[in-house]
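This report looks at how side chains pack in one protein chain. The sequence and structure come first.

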Amino acid sequence: MKKDEGRKIIATNKDARHRFFIEDTLEAGLVLLGTEVKSLRTGKVQMSDAYAYVKNGEAWLSNMQIPEYSHGNRENHVPLRERKLLLHRKEIDRLASAVNEEGRTIVPTQLYLQKGRVKIELGIAKGKKLHDKRASIKEKESKIGRAHV
């Protein structure tokens with residue numbers, strides 16, 4: 001975990017920037033269990049396949065895997081479950097309207113601790129085509145090549 005402007009970054013979804021064009025971002029809170037927070041503090045989380053959706057006026061996060069807490073007991077959490085996102089009504093409506101546009105999805109880009117609370121950065125994203133991914137890789141490699149010169 002590294003600190004960034006008062007944030008302790010737990011995980012970054014690098015795959016999201018490779019697979020999608022991130023058009024807009026917003027911050028959301030998460031409804032978590034105690035063992036999930038303890039497990040997140042160790043920095044072990046898998047969110048490359050995670051996505052968010054709006055259902056019945058509430059925002060949910062799916063496919064984010066938080067492994068069981070190593071010192072947990074029989075009350076330990078389920079690693080792969082849907083988690084509710086804490087957002088204002090206007091933000092939920094904005095996400096819902098963005099997803100209704102063709103080819104848009106909501107992907108988590110970063111998970112971090114801020115003032116002791118777990119927050120997630122969500123990106124409204126549009127999928128990249130194969131040639132866009134190739135162009136991104138080529139651009140990234142050229143930046144690395146210039147850095148070494």
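## Source of the model

The structure is a predicted model.

## The nonpolar core

The largest nonpolar core has 27 residues, and the members that touch the most others are Leu30, Met64, Leu85, Leu111 and Ile120. At least two core residues come from each of strand E2 (7-12), strand E3 (20-30), strand E5 (58-62), helix H3 (89-100), strand E7 (104-114) and strand E8 (117-127). E8 gives the largest share, 4 residues.

Leucine 111 shows what such packing involves. Apart from neighbours within four places in sequence, leucine 111 contacts Ile9, Ile10, Ala11, Leu30, Leu40, Val45, Met47, Met64, Val118, Lys119 and Ile120.

## Leucine 87

Leucine 87 sits in the loop between strand E6 (83-86) and H3. Is leucine 87 buried or exposed? Its relative accessibility is 15%, so leucine 87 counts as buried, the cut-off being under 20%.

Not counting residues up to four places away in sequence, leucine 87 touches Leu26, Glu27, Ala28, Ala59, Ile92 and Leu95. Leucine 87 is 57 residues from leucine 30 in sequence, with 9.1 Å between their C-alpha atoms.

## Aromatic rings

Searching the whole structure gives 1 aromatic pair. The ring centres of tyrosine 51 and tyrosine 53 are 6.1 Å apart and the planes meet at 40°, so this pair is tilted. Tyrosine 51 has a relative accessible area of 33% and is partly exposed.

Another ring, that of tyrosine 112, has arginine 7 over its face, 4.1 Å from the ring centre.

Definitions and conventions. Residues numbered from 1 in each chain as written. Predicted model: local features only at pLDDT ≥ 70, side-chain atom pairs only at ≥ 80, totals over all residues. Heavy atoms only, no water. Phe/Tyr/Trp six-rings, centres within 6.5 Å; stacked < 30°, edge-to-face > 60°. Buried < 20%, exposed > 50% of the residue type's maximum accessible area, 1.4 Å probe, protein only. Lys NZ or Arg CZ within 6 Å of the ring centre and 35° of its normal. Core = buried A, V, L, I, M, F, W, Y, C linked by side-chain atoms within 4.5 Å. Contact = heavy atoms within 4.5 Å.
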